Amino acid sequence: MTGPAEPTTAAADAIVAPSQPITVQAAGDSGRSMRRTIAYALLIGYSLLMLIPFIWQVITSFKTESDALRLTVIPQPFTLEGWKTGFLTLDPSIPQLFLNSVIVAGLVTLTNLVLASTAGYAFARLRFPLREALFLAVLGTLMIPDQLRFVPVYLIERQLGLITRNPINYLGVVLILAVEAQQLFLKRQYFMSLPRDLEEAAKIDGAGHVTTFLRVMLPLAGPALAAVSILAFQGAWNGFFWPLLILQNQDHWTLPLGLFSFRGEFRTDWPALMSVTVAAILPILFMYIFFQKYFVQSVASTGVKG
């Protein structure tokens, strides 16, 4: 009685040898990779496009006045006269203008952080009569330009004694920008996104609204606080209309008002103007970099705490 037939050598090798790895590419992987590449290319191109004005400012600051009117990339000749003129001829001086801007922008940032946070929490969590109507009224102020309300604002501040040549006129600018509707809206939306379980747990522990806000909700609002700080500081630092209207003493001028001195009726000193403009951008840039890091850390810690 014969046994089963032995498999052939080729068939045995196919059975014994491990199968070769087969690479299977999903049908949508190539399309997804192509879309990602196009998106990155568009983002990089857009970033470079946004950098062109800043690069042109830096280049122009090292040109002569005549060369600044020509579309040349390399200064011919390369000179520091624009920087010397910008930093040595302004009255008040650049350090004084920077100090005035820091005072105004710092106070405006602080008031926006405090008032926008408290008001945003109230509109997001508390129940009171006409809450929605009041919130819509606040948002309605975004549609009213400053130029349409400067007369009543000026008269009110004049009645309060804030339109003066004394340093108290800083307060006149700060009061106008103390809290902005967009900052309040941002804080309200962020507080509404936080889970109510946190407040209920605090209420079980006997915490009131103030304690819940200070110890539970506000520590979780780091990303919103960072965004409000950047927006408020940048808006106050670059503000021109209200400081021009309220600051009566030239020694109290902020940096944008000082920059306007380089522009005359028949002549503009472009190299000097661009040099001081580049210097004016640096505080905003440093603040953005600082709060960018803080923003990421806040998002991570909020995710852990949540």
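A residue counts as buried at under 20% relative accessible area, as exposed at over 50%, and as partly exposed in between (1.4 Å probe, protein chains only). Arginine 131 is buried by this definition, with a relative accessible area of 12%.

## Basis of the model

The model is predicted: local features need pLDDT of at least 70, side-chain atom pairs count only at pLDDT 80 or more, and totals for chains, interfaces and linings use all residues. Residues are numbered from 1 along each chain as its sequence is written, and side-chain values use heavy atoms, with hydrogens and water left out.

## Overall architecture

The protein has 14 helices and 0 strands. Along the sequence, the pattern therefore reads α-α-α-α-α-α-α-α-α-α-α-α-α-α, where helices (H or I, at least four residues) and strands (E, at least two) are DSSP runs numbered from the N terminus.

Of the 306 residues in the protein, 35% are buried. Contacts are defined by heavy atoms within 4.5 Å. Among those contacts that join residues at least 6 apart in sequence, 72% link residues at least 24 apart.

## Accessible surface

The protein has an accessible surface of about 19,400 Å², and carbon and sulfur atoms account for 68% of that area. Accessible areas come from the Shrake-Rupley method with a 1.4 Å probe; for residues, only the protein chains shown count as cover.

## Salt bridges

The structure holds 4 salt bridges, each being a side-chain nitrogen of Lys or Arg within 4 Å of a carboxyl oxygen of Asp or Glu. One of them joins the side chains of aspartate 67 and arginine 70, with an N to O distance of 3.2 Å. Aspartate 67 is buried, at 0% relative accessibility, whereas arginine 70 is partly exposed at 42%.

Glutamate 132 is partly exposed, with a relative accessible area of 41%.
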